[in-house]
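Please brief me on the side-chain contacts in this model. Keep it short and grouped by topic.

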Amino acid sequence: MNKNFKLVVVFLFSWITTEVVFAQSTLGSADGQCCLNPTENTLKDAYRDYWYTGVSVNQWEVEAERNAANAFDVTGFVSGDQTADWAVIERDFNWVVAENCMKCEVMHPKEGVYDFTLADKFVNKAKAAGMKVLGHCLIWHSQCAPWFHYDEKGNLVSAEVLRKRMREHIYTIVSHFKGRVDAWDVVNEAFEDDGTPRQSLFYQILGTDYIPLAFRYAHEADPQAELYYQDFSMNKAAKVEGVANFFRPLIQQGLPISAIGMQGHLVLEGNNYIEEYEHSINTIASLGIPTAFTELDLTVLPNPYGFSGANISDRFAYRPEMDPYKNGLTKEKEAEIEQFWVSFYQLLIRHRKDIQRVNFWCLNDAGSWRNDFPIKGRTDYATLYDRQNQRKPFVQALINLVKPQPKEARKKTKKNRK
C-alpha cells in the first residue's frame, strides 16, 4: 500500500474517532445538550431521551370528521375541518390523552349504562399508530354523570353506596381497556389552591378516603397500568405541598401511584413560573415518584383580575379590551412567547430526571379551549400550532436547546476546553 495513502487513512480514522468521542461526550451533559440526528425536527424526537411528549385529542380529531365551523362551540375555528389533525398528532407526539370522550358523563351517562363507542375509536387509532394512551379521567367532581351521587329520590347516597358505585365504575372502565390504555388519571383536581381537600360530593360522602379507594380499585382492575393524580395551580406552594403531604403517608403505606401531574394552564402576563415550578418539581420528587406536566398551554391574552387555575365553572364577561389580538399577534408578543417557552424548557431540562411526560392541551389554536376560558369569544394563541395547523417558530427554538452544536461551534467548544 502507498505510504501517503496509509497516512491519509490514519488521519481520517483519527478525525472520525475524535468527532464521535466528542459527540458522545455531549450526551447527558449538565447543560442538557444531547447528540441527535439533525433531521429529527419534532419535540417528540428531540426529547425522546428526556421524557414523553404528548397532546390531548378532541372527539372531532378522533372521528376525523369534516363538519361546518358552526358545528363547534369553540371560538377561533377558521374551519370545522379537522381531518388533517391526526396526521400531525401521529407525526409529532408519542403520547395522547382524550380531552372529553373518556370522562364519566360520556362513557357512563346512566347507572349500568356504558358507551365506549368514541373512546374505543380513540384508543384503537392511537395504538395502531404506536402511541401510548392516557385514560382521562376516572374520578372527577366535574363532568361527572348527574346520577352518580344521588338515589332515586334525589338524596345523596350513603358512603357504602358510593363506594360500590365507584368500584363498579372503575372496574368496568379499566377492565374494558386493559392492555390498551397504558395509564390512567385516577383522581383529578381533588384539592383547593390552599392545599385543603376540595368539598366535592365525593368528599362530602366519603371524606378523603375516596382518593386511595379509587387508586386501589384501578390497580386491582389492571395491575400493569400506571396510575396518576393530577391537578391545576400546582405551581402554588400551598397547593403542591398540600397534595404532597396528603400522598406522602399513603405512598409509604404502598399506595399504587406512579406519578403526580401538574396541569400547567399558564398565563403569559405577570408570572413567576420558573421559581414556582422549580419548588413544585422538587416537592413531588421528595415523594420518590416523578411528575408530569399534563395539560400545558399558554394564554397570551390579558388576565382578568389576576385569575389563575382551570376551574371550568369560573367565568368573566366579554370586554373588547380583553381581546386585543383578533387580527393576529404583534412581533413583540411573538418574541415574548418564544422567550417564555425557552425559559420554561430550560427549567424542565434541568429537572429531566424527575419528569416523566410533557403533555400539551389541544393541538392547535383553532381548537384550544383557551379561546373561551375564562372569557368566551376571545381569540387566543395558546398552543404549539396555529389555526392552519402550522407549527409555530418557537418550537424550533425548543428543539435547538438539545440539538447537536454546529461544526464551527464544536471547534470553539473544544478549543475552550484546552
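**Side-chain contacts in brief**

The count comes to 29 aromatic pairs, where rings of Phe, Tyr and Trp (its six-membered ring) pair if their centres lie within 6.5 Å, with planes under 30 degrees apart counted as stacked, over 60 as edge-to-face and the rest as tilted. In one of them, Tyr50 and Trp51 have ring centres 5.6 Å apart and planes at 70°, so the pair is edge-to-face. The structure also holds 20 salt bridges, each a side-chain nitrogen of Lys or Arg within 4 Å of a carboxyl oxygen of Asp or Glu.

This is a predicted model: local features need pLDDT of at least 70, side-chain atom pairs count only at pLDDT 80 or more, and totals for chains, interfaces and linings use all residues. Residues are numbered from 1 along each chain as its sequence is written, and side-chain values use heavy atoms, with hydrogens and water left out.

**Aromatic pairs**

- Tyr50 and Trp51 are both buried (under 20% relative accessible area; exposed is over 50%, partly exposed in between, with a 1.4 Å probe and protein chains only).
- Phe191 and Tyr229 have ring centres 6.0 Å apart and planes at 85°, so this pair is edge-to-face.
- The Phe191 and Tyr229 pair links distant parts of the chain, 38 residues apart.
- Phe191 sits in the loop between strand S4 (183–188) and helix H8 (201–206), while Tyr229 is in strand S5 (residues 226–231). Helices (H or I, at least four residues) and strands (E, at least two) are DSSP runs, numbered from the N terminus.
- Phe191 and Tyr229 are buried.
- Ring pairs also link a cluster of Tyr273, Tyr277, Phe293, Phe340, Trp341, Phe344, Phe360 and Phe394.

**Charges over rings**

- Arg352 lies over the face of Tyr50, at 3.8 Å from the ring centre. The rule asks for NZ of Lys or CZ of Arg within 6 Å of the ring centre and within 35 degrees of the ring normal.
- Lys239 lies over the face of Phe232, at 4.1 Å from the ring centre.

**Salt bridges**

- Arg91 bridges to Asp92, with the closest N and O atoms 2.6 Å apart. Arg91 is partly exposed at 47% relative accessibility, whereas Asp92 is buried at 3%.
- Glu192 bridges to Arg198, with the closest N and O atoms 3.9 Å apart. Glu192 is partly exposed at 29%; Arg198 is buried at 9%.
- Glu220 bridges to Arg216, with the closest N and O atoms 3.5 Å apart. Glu220 and Arg216 are four residues apart in helix H9 (residues 210–221), so about one helical turn separates them.
- Glu220 is partly exposed, at 40% relative accessible area, and Arg216 is partly exposed at 43%.
- Salt bridges that share partners join Asp193, Asp231, Lys236 and Lys239 into one network.

**Helix H12**

- Helix H12 (residues 331–350) has 20 residues and reaches 29 Å from its first C-alpha to its last. That is close to the 28 Å expected, taken as 1.5 Å times one less than its number of residues.
- The buried residues in H12 are Lys333, Ile337, Phe340, Trp341, Val342, Phe344, Tyr345, Leu347, Leu348 and Ile349.
- Phe340, Trp341 and Phe344 also belong to the ring cluster.
- Elements that cover the buried residues of H12 include helix H2 (43–46), strand S7 (265–267), helix H11 (273–285), strand S8 (291–299), strand S9 (355–360) and helix H13 (393–400), with contact meaning heavy atoms within 4.5 Å.
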